[in-house]
Amino acid sequence: LASVDTHAAEPEPTIRREGHVSIPGGILVFPSTFQPGSDGDYDLIIHFHGNTKVVKESVEVANINAAVAIINLGIGSAPYEEYYGVPGTYEELLDTIDAGIHRRGVQHPKLRRVALSAWSAGYGSVATIMQLRRGREDLDAVLMFDGIHAGWEGEGVLNPRQMKPFVDIAKKAALGGELYFGMTHSAIDPVTYAGTSVTAQYLI
């Protein structure tokens, strides 16, 4: 995702930033650093499971030029997995965001690059979306903040099916150029399922 807009040939569209636009499962906000291109193209961050104010402020502090969708569906990963487990749900979210950008003043919004971001239980959305997405958008980055978990198949053995979406992401990122994959982890041990330090070591 770019922090600098290179479109300078035409006047930049004016977007109304106040408040938010309601979208399925969350809100769409417009950080002070967000400015769509003169032809309406824009970058987008979709963050799953997080404090709306903190997420928006973090994007501004990082000086990222992107609209931000923040989705909160409940406690635990199951609500996120189940919601996006219906084929087409993710694409419908992108359509709703496009419509929200249009309502805020961009006449011909055109989605450019997308970053999927998640904290804690929000990983369930990313894992499911990566398996079912139709690939119409330019997925640019996947950012996981202390949030890749998995069940145990045996003593010390992670469930490979649950880890596969992230293994695929990591392999694609390791090839370079096509996708950025960033993750953080902590030493917290949930006991009944694998903590993020265990899943991070698995991916490494």
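Colleague: Which residues of S4 lie on one side, which on the other, and are they buried or exposed?

Modeller: In this predicted model, both faces of S4 are covered. Ala67, Ala69 and Ile71 sit on one side, and all are buried.

Colleague: Which strand pairs with S4 in the antiparallel sense, and over how many bridges?

Modeller: Strand S2, residues 26–29, pairs with S4 that way, over 4 bridges. For a residue to look up, take Val29: its bridge partner in S4 is Val68.

Colleague: How many bridges join S3 to S4?

Modeller: There are 5, and the two strands run parallel. S3 covers residues 41–48. Phe48 has Ile71 of S4 as its bridge partner. Between S3 and S4 the chain passes through helix H1, residues 52–61. This β-α-β crossover is right-handed.

Colleague: Now the helices. What describes two packed helices?

Modeller: Two values do: the angle between their axes and the distance between the axes. Here, H4 (residues 123–132) packs against H5 (residues 160–175) at about 70°, and the axes are 9 Å apart. An angle of 65 to 115 degrees counts as roughly perpendicular, so H4 is roughly perpendicular to H5.

Colleague: Which residues meet where H4 and H5 touch?

Modeller: From H4, look at Tyr123, Val126, Ala127, Met130 and Gln131. They meet Pro165, Phe166 and Ile169 in H5.

Colleague: How many residues of this contact are nonpolar, polar or charged?

Modeller: The contact of H4 with H5 has 7 nonpolar residues and 1 polar residue. It has no charged residues.

Conventions
Residues are numbered from 1 along each chain as its sequence is written. This is a predicted model: local features need pLDDT of at least 70, side-chain atom pairs count only at pLDDT 80 or more; totals for chains, interfaces and linings use all residues. Side-chain values use heavy atoms; hydrogens and water are left out. Buried means under 20% relative accessible area, exposed over 50%, partly exposed in between (1.4 Å probe, protein chains only). Two strands pair if DSSP finds at least two bridges between them. A crossover is right-handed if, with the strands pointing away from the viewer, the path from the first strand over the helix to the second runs clockwise. Axes are lines fitted to C-alpha atoms, for helices over the stretch in contact, and angles run from 0 to 180 degrees between N-to-C directions. Angles under 35 degrees count as roughly parallel, over 145 as roughly antiparallel, 65 to 115 as roughly perpendicular and the rest as oblique. Contact means heavy atoms within 4.5 Å. Ala, Val, Leu, Ile, Met, Phe, Trp, Tyr, Cys and Pro count as nonpolar, Asp, Glu, Lys and Arg as charged, and the others, Gly among them, as polar.
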